[in-house]
Amino acid sequence: MRTFFIVLSILLHYSCFSQESVSYSSLTVPDSLKKNADAVYQLDEKSINIQSPSRMSVRDHAVVTVLTKNGLSHSQVVIHVDKMKKLDEVSVKVYNDFGTEVKHYKKKDFKLEGALNENTLASDDKLYTLTFPVPGIPCTIEWDYTVDYTGYVDLPEWYFGSTEESLIKSRYTIRTNNSNEIKYKAYNININPDIKIEGDTKVYTWELKNKPVIKNETGSAGPAVYAPRIDVSPLYFNYDGYPGTMANWADFGKWRFPFYTEENPFTQQEIDFFKSLIKDAKSEQEKISILYKYMQKETRYVFIAYGIGGLKPFPASFVAKKKYGDCKALSNYMKHILQAVGIKAYTASIYAGPDAIPFDPSFVSNKSNHIIVCVPLGKDSMWLECTSKQTEPGILGSFTENRNALLITENGGVLVKTPASKSNTNQWIGKTNVEIFEDGAALIHSRIYVTGEFWSYIDAYTTSRSADEVKKALVNTFGYKTPDEFDYKITGDSANGHVLQLNLAYKQFYDFKAGAKHFFPLRQYKLNDETIKPVETRIFDYYFEFPYIKTDSTVYKLPLNFKKESIPSGKEIKNEFVNYRNKVEATETGSELNVITQLTLNKHIIPAKNFNEVADSFDAIKKDEGQKMILKKE
Amino acid sequence: MRVLLSYLSLCLFFSTIHAQKIPSFGKIDKADLLYKECSYDKTATAEYLIDYGEVNYFFNPSGFVNETKYRVRIKILNEKALDLANVRVPYSSKNNGEKISRIEGYTYNLDANGEVERTGMEKKSVMEQKIEGNYKMAVFTLPNVKVGSVIEYRYEHAKTNFIELEDWVFQRSQPVRYSEYNVTIPSVLEFTYQVKRTLPVQETEEGINKTKRFVMTNIPGLDREPYMTCTKDYLQRVDFQLRSVNGKPIMSNWAQLTEQLLEDEDFGVQLKKNILKNLPLEDELKKMSSDYAKIMAVFTYVKENITWNGNNSMWSKSGLKNALEKHTGNSAEMNLLVVNLLKDAGVTASPILVSTRDNGKINPIYPFIYLFNNVYVYTEADGASYILDASNTYNPMFLIPWDVQFTNGYIVDKTNARFFTMADTRHKYRISTSVSADLDEHGLLKGSVYQMAFEYAKNQRLHTFNKGKDKYLADFFSATYPDFKFDSLLVKNEKNDSLPLENQLQFHTQLNSSGDYFFYSPNFLLEQDKNEFISDQRFTDIEFGFTQYYNLVATIRFPENMEPEELPKNIKMITPDTSIVLQRFIQRNENSISFRITLDIKRPTYYAEEYMDFKEFYTQLFDKLNEQIVFKKKASPKP
């Protein structure tokens, strides 16, 4: 009886869609599509209807069969709306695995809530959310809703599947007309749209069938390299009364320029003050540094998304008064401060973050999520990150380095490369004296000099942390042996590098002993903390967070009763990417041991073909660092 | 002892507190702008200088208004605390019942000449933010805030026809220099209150309105600690409960509450529904003679026929019959169904209200239902009692669910309602492992593992196992021992409640070495990878939530060209209260080394007061566990 019902209900639903057959059960999903999948899209479609440069409607429709607990993320439907995006209709249906509909939700079942997160103080954007129970796993969820836009800049991108979801059918449709042309480009997939022309109407359709889950590898550049996607942009748009074009980067940049232009944002008194700050500066670089540091000290980052907050910054005059703003507002403020003292500067839009999809010079798209400042200085430019209180003038850090930024200039947008990461901006130099006593106890005095990203790292674990928390970080994060007593001090500044001074006392410094032989570590922490491991195949390039230089020299003063039994013989690894050298030397009298180690990561982007070479290097380094110095007690 | 001590210190501190007088709004002492660190909490990123609340009730034609004035003054000591200048005040906008008004704010800085400079917040910069449904919040941020600034704001929160008094929490994650709560209650309302504290509090009653005042000073911030349960249980606070209105008691007693619960449509009424009669289960149960078998059958039936919808609740939402029909329900529906079916099968069973570990401890003095956050099943068979939670898929019948183990629950029963302590030290978190491995002449170690996870250990592992075998292998083996390669994992008994979870797998690794020496750590698969108790102080109790037992037996065979160095010693370590015992036996055989390590932790809880001894023991314990077996390669004979 039960089987009969299943067949019936599946048939029933097939018949619902005259043009296509969609299943509502996991039973019909082939094993190849179930493999590694948390869910399968029986159908995943987005249909855009462009009516004018400011009006369009976007329909999302999907039938997704949930296969695992992780796939239950689909039992929540969230729809983002704002002043220019209104939710029209919405329907969410839940089916059991026999394909029987067990629940139908409508708009009134949704909660309407403010779009808030940790980084947003306030926002007038809103979310329609619906969280619902499912009859068990597997089950199938179908949503269908349309959002009407009264303003847009760019069109949504389309992804075919994901690293967790396979698909049976995925379709992206754009309906437009001759006066609202679009441009498109496919990434990580070879696909052309089917184009139908009916009079003035043009319909573009991209469709893909039966795609298993997408493979990713740890440390890859993320969706930019693995995700098959279609990027589509309108040729013309009109957002909140600001008409623009995405024909090329220059024109798109030109559209944004007025948002960052302000007549007389400062009073004469304020301008005089800025000028007085730099009156003794000897170079342009110095002037910029002084004003940047002033901005860093006086302002703080606050994100408020009201009105068209996504595009227009708070005016520089506002920031001057209130001393807060988001990346746009602070960058705009910085640009105008520089302008006020006669230094030309531009804001630049950029996609920040570790897995950033880079701006494509050959295709204009509105993918920026961050604004920084660029000061052109002849051959070199000086880049300023205005939302951090720690970065140095001219140093961007791994958040925005190595990619294209769009300079917003009076002559339009210009794509410019941000600086490449350099290993010597990220230095870790440790110098340590260890005095070992006759009973195996030890006193350690360490000075660790850090710059760049290593300072951010140390800062995060030490500044304003209790001594207890610092101790935990030393042990759990930096890999120190748990000290019995310790104190620390931090001196220096970002410009000249910070120094972490550590004094540690151990009742027992050796790791363990076997009879009279005592096994001591090479140093109290490990220089290498990389997790990269050799693999059989590697498709994508591997990204370390940043290149770096680490060195450490540790001098051990031995008591008379400890004699050298065996010390590591030293090791050297050298290739295009990694340099490692470790040397252990004993003084003639045997009363001192010196361990000198150097580890350099020259480049942080490792081509796939070199992956194992680098992984093997770090494996060998790990083994070498794990060696012990064996001292015999007499 | 704790109580006595705090009373003593209370007397001592009384006079000093009394002498304090807080500066008025908008006025600041320059010293508060000059200082750079909080004297009683040196690493704090900010210090609350004033944290003030004042409650009054007013009557108007439409009823009465509960109005609370809040005032906060904060010194920013580090850039990490700048976000404290962003303020969000949530309120309910239902029927305009609540209002946030008279928001004012100032920022104080020292200007270039070292003079106090005060910047006011503009009224128009207060924003209204929707949260969801009838909830909104007033949002504002203060101007000119940097490290060294003092910020100050105040507002009034009015609630129409709202009787309850808000609790006051003296302690925050940042230190508080001065915290004051004033409560003026009209004579028609009577409240009881309870002060939870270890620091001295000043309590006074003043004026003709009998305003109650609570003052606490120099309260350090409270941080999270490993194996700490509910933060709420440790915060310094005062909790209020309404007792009567116009002499008519509001606060009832447990007996009355039991009666109400049993009459409630979403609770007791559901227990009376006739469900068993129509199920095939009825005949099955009739054939069973023991109550134990019946409980097992009902528990299994509900788990198999209803999928938990992810919601925890004390109340049935759509009824037990509906849950069974739709095959989905919340925790109350599942557990009340178990009780319903058991009762009809003639087995002693009642709902038991619980407050899970993360919800905080229950104080039986206050008969309030909302203090609980879930309902489980209390049942009896052959003189033994059982606590069941059908929404906890992996927890077998004989095991008290971990999230309520060692807490108080309330059994809702017509004739025998009572508090019940759910505690079982017999069932443990228990892991038993055996390792057999061969070392070759180049230091490559290959071996096999046979590991059994019992009771709470099994329960915990099944949660991961059911997310996928790869994740399980990663979480319990590969990630913990990155130098080892594991393969051929075989897991058994994941579906059989009465047997331990069996794990079989193979591993290989190149031993760490130095010259001719090779090292093997016996602390392998013992689940003691990292000492979590290295802090020099502890404010909260350590609550494991179960007793523990670990056992590891291993044999390592070594080749002819290797010779073990002197082995770690046989040891037995015991805490003075004998609640923790570590034992290690190591023995050298002709061409193998065998050892056995057992660790027995017989208490589920260690109190903050015992921490120093506990920590010292753990330090030594890990020193011992980290001792290694050393092999030395023999010099190869010269050709």
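**Exercise 1. The hairpin of E4(B) and E5(B)**

Which residue takes a positive phi in the hairpin of E4(B) and E5(B), and how many residues are between the strands?

Solution. Before starting, note the ground rules: this is a predicted model, where local features need pLDDT of at least 70, side-chain atom pairs count only at pLDDT 80 or more, and totals for chains, interfaces and linings use all residues. Residues are numbered from 1 along each chain as its sequence is written, chains are lettered from A and ligands numbered from 1 in the order in which they are written, and side-chain values use heavy atoms, with hydrogens and water left out.

Step 1: find strand E4 (residues 98-110) and strand E5 (residues 116-120) of chain B, which pair in the antiparallel sense over five bridges. Helices (H or I, at least four residues) and strands (E, at least two) are DSSP runs numbered from the N terminus, and two strands pair if DSSP finds at least two bridges between them.
Step 2: go to the five residues between the strands, where B:Gly114 has a positive phi near 80°.

**Exercise 2. Backbone checks in loops**

Find a cis peptide bond in chain A, then look at the phi of A:Asn36 and of B:Asn246.

Solution. Step 1: A:Ile137 and A:Pro138 are joined by a cis peptide bond, with omega about 0°. A:Pro138 sits in the loop between strand E8 (126-131) and strand E9 (139-149) of chain A.
Step 1: A:Asn36 is not a glycine, yet its phi is positive, about 60°. This residue is in the loop between helix H2 (31-34) and strand E1 (39-52) of chain A. A:Asn36 counts as exposed because its relative accessibility is 59%, given that buried means under 20% relative accessible area, exposed over 50%, and partly exposed in between (1.4 Å probe, protein chains only).
Step 2: B:Asn246, also not a glycine, has a positive phi of about 55°. Its loop runs between strand E14 (237-245) and strand E15 (248-249) of chain B, and B:Asn246 is exposed, with a relative accessible area of 60%.

**Exercise 3. Placing A:Asp484 and A:Tyr184**

Is A:Asp484 buried, partly exposed or exposed, and in which strand does A:Tyr184 lie?

Solution. Step 1: look for A:Asp484 in the loop between helix H10 (467-476) and strand E28 (485-493) of chain A. With 33% relative accessibility, A:Asp484 counts as partly exposed.
Step 1: A:Tyr184 belongs to strand E12 (residues 182-187) of chain A. A:Tyr184 counts as partly exposed too, at 33% relative accessibility.
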